[in-house]
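Please keep the sequence and the structure in view while reading.

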Amino acid sequence: MRLVRLLLQTLLKGPVTQAPPPADADSLAQLAATLSARSRDTLGRSLAIRALDAGSCNGCELEIQAVCGPVYDLERYGLKVVASPRHADVLLVTGPVTRNMALAAVRTYEAMAAPKWVVAMGDCARDGGCFAGSYAVMNGVQELLPVDLVIPGCPPEPEKLLSGLLALLETVA
Amino acid sequence: MLGNTTLTEFLDGLRTVPQHQPWPRHLLDERAWMDLLHQLAESDWTLLGLWADGGEVHAALRDEEDGAVAVASLSCPERKYPSLSEVRPGAIRLERALRDLWGITPVGLSDPRPWLDHGRWPVSRPLALPRGPAPETPVDYPFLPVEGEALHIIPVGPVHAGVIEPGHFRFTCSGESVVRLEARLGYTHKGVEELMAGKPLAEAAKLAARLSGDSTVAYSLAFARAVEAATASEAPPRAHWLRALMAELERIANHLLDVGGVCNDAAFPVMLAHCTTLREEVLRANAACFGHRLLMDRILPGGVSHDLTREGGATLRKLCATLAQRLNILVDIYDDLPSLQDRTVGTGIVRPALARRFGAGGVVGRASMQGGDARKAVAYPPYDELDFAVPTQPLGDVNARIWQRIEELRESLSLVNQLMDGMPGGPLTRPIPTRGGEGMALVEGFRGEILLWLRLSEAGKVVRCHPRDPSWFQWPLLEAAIENNIVADFPLCNKSFNCSYSGVDL
């Protein structure tokens, strides 16, 4: 059967996963200023991430999906995208935070157990990006939630996203 | 009026707006607008878009018999106009959005509820002059009533369990079966139309590229073509070909992810893993050839920003060969797995008549026998010189939408090869003259036909821009498709549609 052949071929060829990027130096510096190392023992080098689209154009979502795929394989680092904020340590927010999403974003954050961190992913999440100044958006995540790390880019490339998240892992877990 | 009048005949003799390109725009008085409504009830002209602009309402229509496109405009000084929703149900959400943003009332629209306005902005009627005051409380949104014994309601969202965009779905179920689904969207409304007004072309183009990130090429192309139409200019031939190349690469990348995603939602993640790996190769080729994985901001009014080098061409040819071969393996596996097809065949059926009633195009429409494709219907360059088919499927279920994507993938791979073979030389851009005018573009994105209309000032700035995503006419069909399916099949149906949230929330 074709499926069996494909599975065998994939096994023999070995993983398509690429070598990990180093933890991002800028992100490490950002985090060093805001975070204590106390939580390391509790979290055991593993972070659960809840992705939250707060009004992105969906470009960032595409790159989050790419990072979860076999080529970047987020889970090998102990980083996992989870379905419920109750299970999450990190809120990964994309988009400029539309006013229509603000309440849902706050509720998602409040549903997370402490200790918790907020990562603003993409130029919109940083400061509203090209949507800044609109009646319908807040200008970035920091207007609504305490942001621990900004990963800029439009959208941030998978390596950039990975190295930012790895910096978070280095610092907190 | 007779039943078989053509759109051109109907609008003939009405006052025409100068400088509206490439299709005519006619000014209707209220009587002519009412005639239009009666005529729409008789004819099968497709509603392509409906939007407001200052004190006017515009409806873009296409006569499917001869392909004629025209815009009908009605001035509404009393800020109301006779609604199109009775004769074209696809207009319902467009009219609700228009009422929220402009404070213009569609008379006869049966749904009084707001759509984009959730009562959380510091203004109301944000595009009207003057704007309205901020609401005192958020909108209390009544969902459609459902009566019956033993029904239960499942509210889902706006925050979903996966990495997807936000929207609220309200399921009313009898046991496992969905009796009614009602979607409430608008959560990602960013006020793009207001942001675009008054912007120079370069800034407005950036916003257009971010209406829906997965369709960034298609929106940039639509914006560029509308600007070029408005200013009576034309991109150089090589730019046309490079634009089409990028558009096909975007279609390939998205269709791959969707085929994998639908199978994943039917609990077959192997397909997603392989499709994601293939997609990654496309994105890397994009980055290598044009400097951006999603090809954002590569298409600009007047041309394109990046040329394709000889090495880039070789990369793309190799990519196409690999994709064609590996796609065949994946297709055989899908075709060979009854347990997977058990989930997709007969699930989430969209009847062709309903797709037609809503004027739905794209993958969703074509999987239900609707043959429209702007690349053929408008035949903008270079598609007029390329050889490709527009496949359709008769059954309109999840399986049909998977096959539709597979067949479109094959056509797109062939198109990429044709584009490489016939790519002309020459410059990449031509300057856009600074002048006013109105332009409209119809462009086929991976979801379907995008309409973008704009007016430029004499200084060459955007006065008003309205983008209409194909999902406007596809979202309502999802509510029909899920009826009598089990709740657990909703993710499957939703993924097989893959409508844009950001694109319709604006």
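How many salt bridges are there between chain A and chain B?

## Charged and polar links

In this predicted model, the count between chain A and chain B is two salt bridges. A salt bridge joins the side chains of A:Glu63 and B:Arg293, with 2.6 Å from N to O. Polar contacts also cross the interface of chain A and chain B, where 22 residue pairs are found, with both residues at pLDDT 80 or more.

On the side of chain A that touches chain B, at least two residues each come from helix H1 (2-13), strand E1 (47-53), helix H4 (59-68), helix H5 (99-110) and helix H7 (158-172) of chain A. The largest share of that side, seven residues, is supplied by H4(A), and the residues of the side as a whole divide into 30 nonpolar, 12 polar and eight charged.

## Extent of the contact

Chain A brings 50 residues to the contact, and chain B brings 56 residues. About 4,200 Å² is buried between chain A and chain B, and carbon and sulfur atoms give 66% of this area. Of the area that chain A buries against chain B, 20% is supplied by A:Arg2, A:Asn100 and A:Tyr135, which is more than any other three residues supply.

## A sheet in chain B

Chain B holds an open sheet of four strands in the order E2-E14-E15-E16, with mixed pairing. Its edge strands, each pairing on one side only, are strand E2 (20-21) and strand E16 (462-468) of chain B. In general, strands of a sheet pair through backbone hydrogen bonds, either parallel or antiparallel.

Strand E15 (residues 449-456) of chain B runs antiparallel to E16(B), and six bridges join the two. As one example of such pairing, B:Trp453 has B:His466 in E16(B) as its bridge partner.

Conventions
Residues numbered from 1 in each chain as written. Chains lettered and ligands numbered in written order. Predicted model: local features only at pLDDT ≥ 70, side-chain atom pairs only at ≥ 80, totals over all residues. Heavy atoms only, no water. Pairing = 2+ DSSP bridges. Contact = heavy atoms within 4.5 Å. Buried area = accessible area lost by both parts, 1.4 Å probe. Salt bridge = Lys/Arg side-chain N within 4 Å of Asp/Glu carboxyl O. Polar contact = N/O pair within 3.5 Å; in protein donor to acceptor, adjacent residues only side chain to side chain. Nonpolar A, V, L, I, M, F, W, Y, C, P; charged D, E, K, R; others polar.
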